[in-house]
Amino acid sequence: MSGGRRLTRRTVSIGLGAGLSTLIAAPAFGEAIDIKVTAQARELGGNAKTLSVLLPEGSRANLAPVAKAFTERTGVAVDLQEVHVDQINAELMLNSVLGEARYDVALPATFGLADLVAAGAVHALDGFAARYEPPGFRDPMLYQEGDKFDGKTYGFQTDGDAYLMFYHREMLRDPHDQARYADRFGYPLVQPETWQELDRQIRFFHAPEAGRYGGLLFRTPGYLAWEWWVRFHAKGYWPLSPDMTPQIADDAGVAALEELIAITDCLAPETSSLGLFGNWARYAKGDVYCNIGWGGTQKYLSSPRSLMRGRMVYGPTPGGQVGEELLEIPYFNWGWSFVISAASTQKELAYLFALFAVTPAMSTLAVRQPDGFFDPFRNEHYSDRGVEAAYSKSFLEVHRAALKGAIPDFYLKGQSEYFQTLGRGLDKALQGEVSPKMALTRVAKQWQLITSRVGRERQIQRWARLRAKYPPNARRLLRDIA
(Lines give C-alpha, C1' and ligand atoms only; values in the text may rest on other atoms or scores of the structure.)
Protein backbone atom coordinates (compact mmCIF):
# COMPACT_ATOMS: atom_id res chain seq x y z
CA MET A 1 0.00 0.00 0.00
CA SER A 2 1.30 3.44 -0.83
CA GLY A 3 0.99 6.01 1.90
CA GLY A 4 -1.90 8.40 1.48
CA ARG A 5 -1.38 12.13 1.95
CA ARG A 6 -3.80 14.36 3.77
CA LEU A 7 -5.65 16.80 1.58
CA THR A 8 -6.34 20.23 3.10
CA ARG A 9 -6.66 23.76 1.81
CA ARG A 10 -2.98 24.39 2.43
CA THR A 11 -1.46 21.07 1.36
CA VAL A 12 -3.22 20.41 -1.92
CA SER A 13 -2.04 22.25 -5.00
CA ILE A 14 -3.88 20.25 -7.65
CA GLY A 15 -5.76 22.53 -10.04
CA LEU A 16 -9.38 22.03 -10.81
CA GLY A 17 -8.98 22.12 -14.58
CA ALA A 18 -11.78 24.27 -15.91
CA GLY A 19 -12.75 25.23 -12.36
CA LEU A 20 -15.83 24.53 -10.30
CA SER A 21 -17.65 27.55 -11.71
CA THR A 22 -17.66 26.05 -15.20
CA LEU A 23 -18.96 22.61 -14.21
CA ILE A 24 -22.40 21.52 -15.30
CA ALA A 25 -25.28 22.37 -13.03
CA ALA A 26 -27.26 19.71 -11.19
CA PRO A 27 -30.39 18.82 -13.16
CA ALA A 28 -33.75 19.73 -11.59
CA PHE A 29 -32.64 19.34 -7.97
CA GLY A 30 -33.31 22.94 -6.96
CA GLU A 31 -30.19 24.19 -5.20
CA ALA A 32 -27.12 22.48 -6.68
CA ILE A 33 -26.93 19.18 -4.83
CA ASP A 34 -23.16 19.41 -4.26
CA ILE A 35 -23.59 22.77 -2.48
CA LYS A 36 -26.44 21.45 -0.36
CA VAL A 37 -24.53 18.32 0.62
CA THR A 38 -21.44 20.22 1.74
CA ALA A 39 -23.60 22.52 3.84
CA GLN A 40 -25.04 19.45 5.55
CA ALA A 41 -21.57 17.96 5.99
CA ARG A 42 -20.25 21.23 7.42
CA GLU A 43 -22.92 21.15 10.11
CA LEU A 44 -22.28 17.50 10.86
CA GLY A 45 -18.50 17.56 10.72
CA GLY A 46 -17.61 20.32 13.12
CA ASN A 47 -15.70 18.02 15.46
CA ALA A 48 -14.86 15.39 12.88
CA LYS A 49 -11.55 13.69 12.55
CA THR A 50 -10.06 13.28 9.10
CA LEU A 51 -12.10 11.15 6.70
CA SER A 52 -10.01 8.25 5.40
CA VAL A 53 -10.71 7.03 1.86
CA LEU A 54 -9.37 3.74 0.47
CA LEU A 55 -9.03 3.94 -3.30
CA PRO A 56 -7.55 1.89 -6.13
CA GLU A 57 -4.25 2.77 -7.71
CA GLY A 58 -4.78 5.10 -10.65
CA SER A 59 -7.78 6.97 -9.21
CA ARG A 60 -6.02 9.56 -7.04
CA ALA A 61 -6.14 12.01 -9.92
CA ASN A 62 -9.93 11.60 -10.02
CA LEU A 63 -10.50 12.00 -6.30
CA ALA A 64 -7.93 14.63 -5.34
CA PRO A 65 -9.81 17.64 -6.77
CA VAL A 66 -13.09 16.34 -5.33
CA ALA A 67 -11.51 15.89 -1.91
CA LYS A 68 -9.98 19.37 -2.15
CA ALA A 69 -13.37 20.91 -2.89
CA PHE A 70 -14.97 18.98 -0.01
CA THR A 71 -12.30 20.19 2.42
CA GLU A 72 -12.57 23.79 1.28
CA ARG A 73 -16.34 23.80 1.72
CA THR A 74 -16.62 21.82 4.95
CA GLY A 75 -13.29 22.10 6.79
CA VAL A 76 -13.16 18.26 6.92
CA ALA A 77 -9.78 16.92 5.83
CA VAL A 78 -9.66 13.88 3.54
CA ASP A 79 -6.86 11.30 3.56
CA LEU A 80 -6.60 9.32 0.31
CA GLN A 81 -4.92 5.92 0.66
CA GLU A 82 -4.15 3.88 -2.47
CA VAL A 83 -3.72 0.14 -2.93
CA HIS A 84 -3.20 -1.95 -6.06
CA VAL A 85 -6.30 -2.34 -8.22
CA ASP A 86 -6.40 -6.11 -7.64
CA GLN A 87 -6.06 -5.82 -3.85
CA ILE A 88 -8.58 -3.20 -2.76
CA ASN A 89 -11.47 -5.59 -2.09
CA ALA A 90 -9.22 -7.87 -0.04
CA GLU A 91 -7.88 -4.89 1.92
CA LEU A 92 -11.37 -3.73 2.82
CA MET A 93 -12.39 -7.26 3.76
CA LEU A 94 -9.32 -7.65 6.00
CA ASN A 95 -10.03 -4.32 7.65
CA SER A 96 -13.49 -5.60 8.55
CA VAL A 97 -12.26 -8.97 9.85
CA LEU A 98 -9.72 -7.26 12.09
CA GLY A 99 -12.31 -4.76 13.30
CA GLU A 100 -10.09 -1.83 12.48
CA ALA A 101 -11.61 1.57 11.69
CA ARG A 102 -8.84 2.45 9.22
CA TYR A 103 -11.17 3.57 6.44
CA ASP A 104 -14.41 5.51 6.42
CA VAL A 105 -15.04 5.37 2.67
CA ALA A 106 -13.73 2.85 0.15
CA LEU A 107 -13.93 2.30 -3.58
CA PRO A 108 -13.92 -1.48 -4.09
CA ALA A 109 -14.51 -3.18 -7.41
CA THR A 110 -18.25 -3.45 -7.99
CA PHE A 111 -18.12 -7.19 -8.67
CA GLY A 112 -17.07 -7.77 -5.04
CA LEU A 113 -19.92 -5.91 -3.36
CA ALA A 114 -21.98 -9.04 -2.60
CA ASP A 115 -19.07 -10.66 -0.77
CA LEU A 116 -18.32 -7.46 1.14
CA VAL A 117 -21.94 -7.32 2.26
CA ALA A 118 -21.90 -10.99 3.27
CA ALA A 119 -18.75 -10.36 5.33
CA GLY A 120 -20.32 -7.41 7.10
CA ALA A 121 -17.64 -5.11 5.74
CA VAL A 122 -19.89 -2.36 4.34
CA HIS A 123 -22.80 -0.38 5.71
CA ALA A 124 -26.22 -0.16 4.05
CA LEU A 125 -27.03 3.31 2.74
CA ASP A 126 -30.83 3.22 2.62
CA GLY A 127 -31.38 5.23 5.80
CA PHE A 128 -28.98 7.95 4.73
CA ALA A 129 -30.36 7.92 1.17
CA ALA A 130 -33.90 8.51 2.41
CA ARG A 131 -32.69 11.53 4.33
CA TYR A 132 -30.24 13.11 1.91
CA GLU A 133 -30.74 11.98 -1.70
CA PRO A 134 -33.14 14.13 -3.76
CA PRO A 135 -35.87 12.28 -5.68
CA GLY A 136 -34.52 11.07 -9.00
CA PHE A 137 -30.89 11.65 -8.04
CA ARG A 138 -29.77 8.23 -9.30
CA ASP A 139 -31.93 8.23 -12.43
CA PRO A 140 -29.20 9.68 -14.73
CA MET A 141 -26.78 6.95 -13.62
CA LEU A 142 -26.65 4.62 -16.63
CA TYR A 143 -25.65 1.50 -14.70
CA GLN A 144 -26.91 0.83 -11.18
CA GLU A 145 -27.11 -2.97 -10.93
CA GLY A 146 -23.98 -3.19 -8.78
CA ASP A 147 -25.19 -0.74 -6.11
CA LYS A 148 -27.63 -3.11 -4.40
CA PHE A 149 -27.60 -6.56 -2.87
CA ASP A 150 -30.47 -8.50 -1.31
CA GLY A 151 -32.78 -5.52 -1.67
CA LYS A 152 -30.60 -2.97 0.12
CA THR A 153 -28.43 -0.20 -1.29
CA TYR A 154 -24.73 -0.31 -0.41
CA GLY A 155 -22.91 1.68 -3.05
CA PHE A 156 -22.64 4.57 -5.45
CA GLN A 157 -21.36 3.43 -8.84
CA THR A 158 -18.69 5.95 -9.78
CA ASP A 159 -16.94 4.32 -12.73
CA GLY A 160 -18.66 3.12 -15.90
CA ASP A 161 -16.61 0.04 -16.78
CA ALA A 162 -18.29 -1.57 -19.75
CA TYR A 163 -15.92 -4.00 -21.50
CA LEU A 164 -15.04 -2.61 -24.96
CA MET A 165 -12.95 -3.42 -28.03
CA PHE A 166 -10.16 -1.28 -29.48
CA TYR A 167 -9.11 -1.67 -33.14
CA HIS A 168 -6.08 -0.32 -34.98
CA ARG A 169 -7.69 2.06 -37.48
CA GLU A 170 -4.88 1.92 -40.02
CA MET A 171 -4.99 -1.87 -40.19
CA LEU A 172 -8.79 -2.05 -40.31
CA ARG A 173 -9.07 0.57 -43.05
CA ASP A 174 -6.01 -0.20 -45.14
CA PRO A 175 -7.26 -0.63 -48.76
CA HIS A 176 -4.72 -3.36 -49.52
CA ASP A 177 -5.67 -5.37 -46.43
CA GLN A 178 -9.36 -4.83 -47.13
CA ALA A 179 -8.94 -6.24 -50.64
CA ARG A 180 -6.90 -9.24 -49.42
CA TYR A 181 -9.40 -9.99 -46.69
CA ALA A 182 -12.43 -9.81 -48.99
CA ASP A 183 -10.67 -11.98 -51.56
CA ARG A 184 -9.71 -14.60 -48.99
CA PHE A 185 -12.92 -14.84 -46.98
CA GLY A 186 -15.64 -13.35 -49.14
CA TYR A 187 -16.53 -10.88 -46.39
CA PRO A 188 -15.70 -7.16 -46.13
CA LEU A 189 -13.14 -6.13 -43.52
CA VAL A 190 -15.29 -4.18 -41.06
CA GLN A 191 -15.61 -4.06 -37.29
CA PRO A 192 -16.64 -7.55 -36.18
CA GLU A 193 -20.05 -8.17 -34.65
CA THR A 194 -19.38 -11.74 -33.49
CA TRP A 195 -16.52 -13.58 -31.84
CA GLN A 196 -16.18 -15.75 -34.95
CA GLU A 197 -15.54 -12.63 -37.04
CA LEU A 198 -13.11 -11.20 -34.49
CA ASP A 199 -11.11 -14.43 -34.32
CA ARG A 200 -10.92 -14.52 -38.12
CA GLN A 201 -9.59 -10.96 -38.21
CA ILE A 202 -7.05 -11.62 -35.44
CA ARG A 203 -5.66 -14.55 -37.46
CA PHE A 204 -5.61 -12.47 -40.62
CA PHE A 205 -3.56 -9.66 -39.11
CA HIS A 206 -1.20 -11.84 -37.08
CA ALA A 207 2.19 -11.70 -38.83
CA PRO A 208 5.03 -11.89 -36.29
CA GLU A 209 7.62 -12.11 -39.05
CA ALA A 210 6.47 -8.64 -40.15
CA GLY A 211 6.36 -7.30 -36.60
CA ARG A 212 2.56 -7.26 -36.46
CA TYR A 213 0.31 -9.13 -34.03
CA GLY A 214 -3.36 -10.02 -34.15
CA GLY A 215 -4.53 -9.21 -30.64
CA LEU A 216 -3.80 -8.47 -27.01
CA LEU A 217 -6.63 -10.15 -25.11
CA PHE A 218 -5.98 -10.90 -21.44
CA ARG A 219 -4.59 -14.35 -20.69
CA THR A 220 -3.76 -14.19 -16.96
CA PRO A 221 -5.98 -16.25 -14.59
CA GLY A 222 -7.39 -13.22 -12.80
CA TYR A 223 -8.68 -11.66 -16.04
CA LEU A 224 -9.30 -14.71 -18.20
CA ALA A 225 -12.82 -15.45 -17.02
CA TRP A 226 -14.27 -12.20 -18.36
CA GLU A 227 -13.56 -12.99 -21.99
CA TRP A 228 -14.84 -16.53 -21.67
CA TRP A 229 -17.98 -15.23 -19.90
CA VAL A 230 -18.82 -13.02 -22.88
CA ARG A 231 -17.92 -15.74 -25.42
CA PHE A 232 -20.17 -18.18 -23.57
CA HIS A 233 -23.14 -15.82 -23.37
CA ALA A 234 -22.72 -15.10 -27.08
CA LYS A 235 -23.51 -18.78 -27.71
CA GLY A 236 -27.03 -18.00 -26.50
CA TYR A 237 -27.20 -19.76 -23.13
CA TRP A 238 -27.60 -18.82 -19.49
CA PRO A 239 -24.59 -19.90 -17.38
CA LEU A 240 -26.90 -21.42 -14.78
CA SER A 241 -30.43 -22.77 -14.93
CA PRO A 242 -33.14 -21.20 -12.75
CA ASP A 243 -32.35 -23.73 -9.99
CA MET A 244 -28.63 -22.78 -10.03
CA THR A 245 -27.51 -25.88 -11.94
CA PRO A 246 -24.37 -24.88 -13.87
CA GLN A 247 -24.75 -25.01 -17.67
CA ILE A 248 -21.18 -24.05 -18.47
CA ALA A 249 -19.76 -27.52 -19.19
CA ASP A 250 -22.09 -28.42 -22.05
CA ASP A 251 -21.28 -27.99 -25.74
CA ALA A 252 -21.60 -24.19 -25.75
CA GLY A 253 -19.22 -23.67 -22.86
CA VAL A 254 -16.67 -26.13 -24.21
CA ALA A 255 -16.81 -24.53 -27.67
CA ALA A 256 -16.32 -21.06 -26.17
CA LEU A 257 -13.24 -22.27 -24.29
CA GLU A 258 -11.82 -24.14 -27.29
CA GLU A 259 -12.14 -20.98 -29.38
CA LEU A 260 -10.50 -18.87 -26.70
CA ILE A 261 -7.59 -21.30 -26.53
CA ALA A 262 -7.26 -21.59 -30.31
CA ILE A 263 -6.92 -17.83 -30.85
CA THR A 264 -4.26 -17.46 -28.15
CA ASP A 265 -1.47 -18.37 -30.60
CA CYS A 266 -2.33 -15.25 -32.59
CA LEU A 267 -1.94 -12.84 -29.71
CA ALA A 268 1.17 -10.83 -28.89
CA PRO A 269 3.64 -13.17 -27.14
CA GLU A 270 3.74 -11.12 -23.92
CA THR A 271 -0.01 -11.50 -23.41
CA SER A 272 0.23 -14.38 -20.96
CA SER A 273 2.12 -12.28 -18.40
CA LEU A 274 0.41 -8.89 -18.71
CA GLY A 275 -1.87 -7.41 -16.09
CA LEU A 276 -3.94 -4.27 -16.50
CA PHE A 277 -1.30 -1.58 -16.82
CA GLY A 278 1.10 -3.86 -18.71
CA ASN A 279 -1.63 -4.52 -21.25
CA TRP A 280 -2.10 -0.80 -21.85
CA ALA A 281 1.61 -0.13 -22.25
CA ARG A 282 2.00 -3.00 -24.70
CA TYR A 283 -0.89 -2.00 -26.94
CA ALA A 284 0.38 1.59 -26.94
CA LYS A 285 3.38 0.46 -29.02
CA GLY A 286 1.14 0.40 -32.09
CA ASP A 287 1.85 -3.01 -33.64
CA VAL A 288 -1.24 -4.99 -32.50
CA TYR A 289 -4.56 -5.07 -34.32
CA CYS A 290 -7.03 -5.27 -31.43
CA ASN A 291 -7.26 -5.00 -27.67
CA ILE A 292 -9.98 -5.34 -25.05
CA GLY A 293 -10.48 -2.97 -22.14
CA TRP A 294 -12.35 -0.10 -20.54
CA GLY A 295 -12.53 3.67 -20.51
CA GLY A 296 -9.32 3.79 -18.51
CA THR A 297 -7.67 1.97 -21.39
CA GLN A 298 -8.83 4.76 -23.70
CA LYS A 299 -7.43 7.47 -21.44
CA TYR A 300 -4.04 5.78 -21.37
CA LEU A 301 -3.98 5.07 -25.10
CA SER A 302 -5.00 8.65 -25.86
CA SER A 303 -2.17 10.12 -23.81
CA PRO A 304 0.98 11.60 -25.39
CA ARG A 305 3.00 8.55 -24.27
CA SER A 306 0.95 6.26 -26.56
CA LEU A 307 1.73 5.58 -30.21
CA MET A 308 -1.94 4.62 -30.62
CA ARG A 309 -3.21 8.09 -29.83
CA GLY A 310 -5.80 9.06 -32.44
CA ARG A 311 -5.37 5.76 -34.32
CA MET A 312 -8.22 3.65 -32.95
CA VAL A 313 -11.83 2.79 -33.61
CA TYR A 314 -14.07 1.29 -30.95
CA GLY A 315 -16.82 -1.25 -30.53
CA PRO A 316 -18.63 -3.34 -27.90
CA THR A 317 -17.43 -6.81 -27.08
CA PRO A 318 -18.54 -9.16 -29.88
CA GLY A 319 -21.79 -11.08 -29.69
CA GLY A 320 -23.04 -14.19 -31.42
CA GLN A 321 -25.67 -15.52 -33.79
CA VAL A 322 -28.73 -17.08 -32.20
CA GLY A 323 -30.81 -18.39 -35.04
CA GLU A 324 -31.08 -15.51 -37.51
CA GLU A 325 -30.52 -12.83 -34.87
CA LEU A 326 -27.46 -11.12 -33.48
CA LEU A 327 -27.17 -11.47 -29.71
CA GLU A 328 -25.23 -8.45 -28.48
CA ILE A 329 -23.41 -8.94 -25.17
CA PRO A 330 -21.92 -5.69 -23.86
CA TYR A 331 -20.73 -6.49 -20.34
CA PHE A 332 -20.18 -4.48 -17.17
CA ASN A 333 -17.39 -6.39 -15.47
CA TRP A 334 -15.54 -3.98 -13.20
CA GLY A 335 -16.12 -0.40 -12.07
CA TRP A 336 -15.43 1.23 -8.71
CA SER A 337 -18.17 2.00 -6.20
CA PHE A 338 -18.22 4.28 -3.18
CA VAL A 339 -19.13 2.29 -0.06
CA ILE A 340 -19.08 3.09 3.65
CA SER A 341 -16.94 0.89 5.85
CA ALA A 342 -18.92 -0.91 8.54
CA ALA A 343 -16.03 -0.17 10.93
CA SER A 344 -16.18 3.60 10.40
CA THR A 345 -17.07 5.74 13.39
CA GLN A 346 -18.16 8.56 11.06
CA LYS A 347 -20.63 6.79 8.80
CA GLU A 348 -23.00 9.70 8.18
CA LEU A 349 -20.22 12.10 7.31
CA ALA A 350 -18.60 9.40 5.17
CA TYR A 351 -21.89 8.96 3.32
CA LEU A 352 -22.12 12.69 2.66
CA PHE A 353 -18.63 12.69 1.17
CA ALA A 354 -19.57 9.79 -1.13
CA LEU A 355 -22.82 11.52 -2.11
CA PHE A 356 -20.90 14.73 -2.79
CA ALA A 357 -18.42 12.85 -4.99
CA VAL A 358 -21.12 11.41 -7.27
CA THR A 359 -23.13 14.61 -7.73
CA PRO A 360 -23.27 15.80 -11.34
CA ALA A 361 -20.74 18.58 -10.83
CA MET A 362 -18.22 16.63 -8.75
CA SER A 363 -18.42 13.38 -10.68
CA THR A 364 -17.91 15.32 -13.92
CA LEU A 365 -14.86 16.97 -12.40
CA ALA A 366 -13.52 13.53 -11.43
CA VAL A 367 -14.24 11.78 -14.74
CA ARG A 368 -12.68 14.50 -16.89
CA GLN A 369 -9.25 14.13 -15.23
CA PRO A 370 -6.98 12.73 -17.98
CA ASP A 371 -4.63 10.97 -15.54
CA GLY A 372 -7.36 9.19 -13.57
CA PHE A 373 -9.23 6.09 -14.64
CA PHE A 374 -12.83 6.83 -13.57
CA ASP A 375 -15.11 6.58 -16.61
CA PRO A 376 -18.44 8.26 -17.40
CA PHE A 377 -21.49 6.85 -15.66
CA ARG A 378 -24.05 9.70 -15.58
CA ASN A 379 -25.91 11.15 -18.55
CA GLU A 380 -24.42 14.56 -17.80
CA HIS A 381 -20.88 13.34 -18.41
CA TYR A 382 -21.41 12.72 -22.10
CA SER A 383 -22.21 16.35 -22.86
CA ASP A 384 -19.24 17.80 -20.98
CA ARG A 385 -16.46 19.22 -23.16
CA GLY A 386 -13.78 18.27 -20.64
CA VAL A 387 -14.92 14.65 -20.63
CA GLU A 388 -15.04 14.63 -24.41
CA ALA A 389 -11.49 16.00 -24.54
CA ALA A 390 -10.30 13.18 -22.25
CA TYR A 391 -11.97 10.37 -24.24
CA SER A 392 -12.99 11.57 -27.75
CA LYS A 393 -16.52 11.87 -29.05
CA SER A 394 -16.34 8.62 -31.04
CA PHE A 395 -15.31 6.62 -27.98
CA LEU A 396 -18.02 8.14 -25.79
CA GLU A 397 -20.74 7.17 -28.28
CA VAL A 398 -19.68 3.52 -28.13
CA HIS A 399 -19.14 3.62 -24.36
CA ARG A 400 -22.55 5.09 -23.60
CA ALA A 401 -24.38 2.55 -25.75
CA ALA A 402 -22.48 -0.34 -24.13
CA LEU A 403 -23.13 0.97 -20.61
CA LYS A 404 -26.86 1.33 -21.23
CA GLY A 405 -27.16 -2.16 -22.72
CA ALA A 406 -24.66 -4.09 -20.57
CA ILE A 407 -25.37 -7.44 -18.99
CA PRO A 408 -24.59 -7.30 -15.25
CA ASP A 409 -21.75 -9.14 -13.65
CA PHE A 410 -22.31 -12.19 -11.44
CA TYR A 411 -23.59 -10.35 -8.36
CA LEU A 412 -24.24 -13.33 -6.09
CA LYS A 413 -22.90 -14.19 -2.68
CA GLY A 414 -19.61 -16.00 -3.21
CA GLN A 415 -18.92 -14.16 -6.48
CA SER A 416 -15.18 -14.14 -5.92
CA GLU A 417 -15.11 -17.87 -5.21
CA TYR A 418 -17.23 -18.69 -8.26
CA PHE A 419 -15.07 -16.59 -10.57
CA GLN A 420 -11.71 -17.52 -9.07
CA THR A 421 -12.66 -21.17 -9.51
CA LEU A 422 -13.67 -20.45 -13.09
CA GLY A 423 -10.46 -18.53 -13.82
CA ARG A 424 -8.28 -21.33 -12.47
CA GLY A 425 -10.17 -23.94 -14.46
CA LEU A 426 -9.92 -21.95 -17.67
CA ASP A 427 -6.21 -21.41 -17.11
CA LYS A 428 -5.58 -25.14 -16.61
CA ALA A 429 -7.20 -25.81 -19.96
CA LEU A 430 -5.29 -22.95 -21.58
CA GLN A 431 -2.01 -24.40 -20.28
CA GLY A 432 -2.91 -27.84 -21.65
CA GLU A 433 -3.09 -29.49 -18.24
CA VAL A 434 -6.66 -30.74 -18.79
CA SER A 435 -9.11 -30.77 -21.68
CA PRO A 436 -11.63 -27.92 -21.96
CA LYS A 437 -14.46 -30.36 -21.21
CA MET A 438 -12.74 -31.67 -18.08
CA ALA A 439 -11.83 -28.17 -16.89
CA LEU A 440 -15.41 -26.90 -17.13
CA THR A 441 -16.88 -30.08 -15.67
CA ARG A 442 -14.68 -29.62 -12.61
CA VAL A 443 -15.65 -25.96 -12.35
CA ALA A 444 -19.33 -26.87 -12.57
CA LYS A 445 -18.97 -29.38 -9.72
CA GLN A 446 -17.15 -26.83 -7.58
CA TRP A 447 -19.87 -24.29 -8.32
CA GLN A 448 -22.45 -26.74 -7.03
CA LEU A 449 -20.49 -27.03 -3.79
CA ILE A 450 -20.20 -23.25 -3.46
CA THR A 451 -23.93 -22.85 -4.00
CA SER A 452 -24.74 -25.48 -1.39
CA ARG A 453 -22.36 -23.90 1.09
CA VAL A 454 -23.71 -20.35 0.76
CA GLY A 455 -27.35 -21.48 0.69
CA ARG A 456 -29.01 -22.82 -2.44
CA GLU A 457 -32.54 -21.50 -1.89
CA ARG A 458 -31.34 -17.96 -1.27
CA GLN A 459 -28.98 -18.14 -4.25
CA ILE A 460 -31.85 -19.27 -6.48
CA GLN A 461 -33.75 -16.15 -5.48
CA ARG A 462 -30.73 -13.92 -6.11
CA TRP A 463 -30.07 -15.51 -9.50
CA ALA A 464 -33.71 -15.01 -10.53
CA ARG A 465 -33.44 -11.31 -9.66
CA LEU A 466 -30.15 -11.02 -11.52
CA ARG A 467 -31.49 -12.72 -14.65
CA ALA A 468 -34.32 -10.20 -14.62
CA LYS A 469 -31.73 -7.41 -14.76
CA TYR A 470 -30.28 -8.57 -18.08
CA PRO A 471 -31.20 -6.32 -21.02
CA PRO A 472 -34.53 -7.27 -22.67
CA ASN A 473 -33.03 -8.60 -25.89
CA ALA A 474 -30.54 -10.77 -24.02
CA ARG A 475 -33.32 -12.18 -21.84
CA ARG A 476 -35.32 -12.95 -24.96
CA LEU A 477 -32.52 -14.79 -26.78
CA LEU A 478 -30.70 -16.57 -23.94
CA ARG A 479 -31.84 -20.14 -23.34
CA ASP A 480 -31.51 -22.80 -20.69
CA ILE A 481 -30.09 -26.16 -21.70
CA ALA A 482 -32.89 -28.71 -21.65
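Student: How do the residues lining the second largest pocket divide into nonpolar, polar and charged?
Tutor: This is a predicted model, so every value here is computed from it. Sort the lining of the second largest pocket by class. Four residues are nonpolar and three are polar. The rest of the division is charged, and that class holds ten.

Student: What is the volume of the second largest pocket, and which residues are closest to its centre?
Tutor: The volume is about 410 Å³. There are 17 residues in the lining. The closest to the centre are Glu 145, Lys 148, Phe 149, Gly 151 and Lys 469.

Student: Which element gives the largest share of the lining of the second largest pocket?
Tutor: Helix 5 (126-132), strand 5 (148-149) and helix 19 (456-468) each supply at least two residues. The largest share is three residues. That share comes from helix 19.

Student: How much space lies in the largest pocket, and which residues lie nearest its centre?
Tutor: The space is about 700 Å³. The lining of the largest pocket has 28 residues. Nearest the centre lie Asp 86, Phe 111, Gly 222, Ser 416 and Gln 420.

Student: Which helix supplies the largest share of the lining of the largest pocket?
Tutor: Several helices give at least two residues each, among them helix 3 (88-97), helix 9 (221-234) and helix 17 (415-430). The largest share is six residues. Those six come from helix 17.

Student: Is Cys 290 buried or exposed?
Tutor: Buried means under 20% relative accessible area. The value for Cys 290 is 0%. So Cys 290 is buried.

Student: Why is helix 14 largely enclosed by the rest of the structure, and what covers its buried residues?
Tutor: Helix 14 spans residues 360-367, and eight of its eight residues are buried, so it is largely enclosed. Met 362 and Leu 365 are among the buried residues. The cover includes helix 1 (33-44), helix 2 (60-74), helix 12 (295-301), helix 13 (347-357) and helix 15 (385-391).

Definitions and conventions:
Residues numbered from 1 in each chain as written. Predicted model: local features only at pLDDT ≥ 70, side-chain atom pairs only at ≥ 80, totals over all residues. Heavy atoms only, no water. Buried < 20%, exposed > 50% of the residue type's maximum accessible area, 1.4 Å probe, protein only. 1 Å grid on protein atoms, 1.4 Å probe; cavity = no way out; pocket = protein on both sides within 12 Å on 5 of 7 lines; lining within 4 Å. Points joined across faces, edges and corners; volume = space filled by probe spheres on them. Helix = DSSP H or I, 4+ residues; strand = E, 2+ residues; numbered from the N terminus. Nonpolar A, V, L, I, M, F, W, Y, C, P; charged D, E, K, R; others polar. Contact = heavy atoms within 4.5 Å.
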